[in-house]
Amino acid sequence: MIKCFKYFLVLLLTGTFYSAFAQAPQAEAKLDRATILIGQQTKLNLSIRHSIKDKIEFPALVDSIAGKIQIVSSKADTVFDKQDQSIETVHRAYNITAFDSGAYVIPSYAFKTTIGPVYTQPLTLTVQTVAVDTTKGFYDIKQPLVVSYSFFDWLHDNWQWVAIGFLVLLIIAGIIYYFVSRPKKVVVIEPPKPKVPPHIIALQKLQELRGKKAYEQDVKVYHIELSEILREYLEKRYGIKTHEQTSDEIFASLRTLDITEDNKNLLRQVLILADLVKFAKEKPLHFENEQSMDNAIGFVNKTQQAYQPLADKQEEGK
């Protein structure tokens, strides 16, 4: 019984020690190659395995090691233990090289941890020189080799730009073809409509007014429309602003025009009677209303002979 208890106590202490040892930080330094030629590179790997609860601090390696080994670059990485995610290994790989032959000692580096510094083992990097055949003479430095670079080589290197340029040209050609070949709209120029002479318009309106016999319904409206037709005719025929003038002003404007006195009297009878009806409430007899219409038609017919269409005037002016 006592023998069994001792055996159990030994196993318990051994397991506890193993567990504590397994969780203690473990630092390591390793070279990919311990021997290199001058100028060649190899990797110095520094790593520490520790619990993620522990705080660690990597040793500071800046530009060189031991004054002879140059640090070219570095890369960091962290890997978790697949069987225990509370354990991780922090690793840094340094690309190093040297340009002098010899054996160089990479010193032991200390990782600062919560339980104290943990050291790596020192390493030795051997740098060998290149063997030179001294039996041969010295040669000049070789000039750069001329490498043939054909058009197909250039096309192979730049085919993307060639394809883009070809595609752009194809799009431009398509646009040009579309605008050149699309059906063009035929612009139809309609000939200008002939201008209706003012005496034709005046005579049509006078005949319409006569046909309505408007003086039987409202004699005032009849004479207003009658005088307006003549005023419009005078304005288009002679260029007189008759709608802005009184009857006396209209006759004053006609003095310099080639209109006979008989024709002016025809016009005067129409306009004066219209003024009397509009402003003096004159009530003309039936024959007086018809006489005004006859005089208006007579005035237009007798003064329209001198009219010449504007198109004919333009033709003469050319």
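User: Is Tyr 233 buried or exposed?

Analyst: This is a predicted model: local features need pLDDT of at least 70, side-chain atom pairs count only at pLDDT 80 or more, and totals for chains, interfaces and linings use all residues. Residues are numbered from 1 along each chain as its sequence is written, and side-chain values use heavy atoms, with hydrogens and water left out. Buried means under 20% relative accessible area, exposed over 50%, partly exposed in between (1.4 Å probe, protein chains only). Tyr 233 has 1% relative accessibility, so Tyr 233 is buried.

User: How many aromatic pairs are there?

Analyst: Rings of Phe, Tyr and Trp (its six-membered ring) pair if their centres lie within 6.5 Å. Planes under 30 degrees apart count as stacked, over 60 as edge-to-face and the rest as tilted. By this rule the count is 6.

User: Why is the pair of Tyr 215 and Tyr 222 edge-to-face?

Analyst: The ring centres of Tyr 215 and Tyr 222 are 5.0 Å apart. Both residues are buried. The pair is edge-to-face because the planes of Tyr 215 and Tyr 222 stand at 75°.

User: What is the angle between the planes of Tyr 233 and Phe 299?

Analyst: Tyr 233 and Phe 299 form an aromatic pair, 6.1 Å centre to centre. Phe 299 is buried, with a relative accessible area of 0%. The pair is edge-to-face, and the angle is 85°.

User: Which ring does the charged end of Arg 268 sit over?

Analyst: A charge sits over a ring if NZ of Lys or CZ of Arg is within 6 Å of the ring centre and within 35 degrees of the ring normal. Arg 268 is 4.6 Å from the centre of its ring, that of Phe 251.
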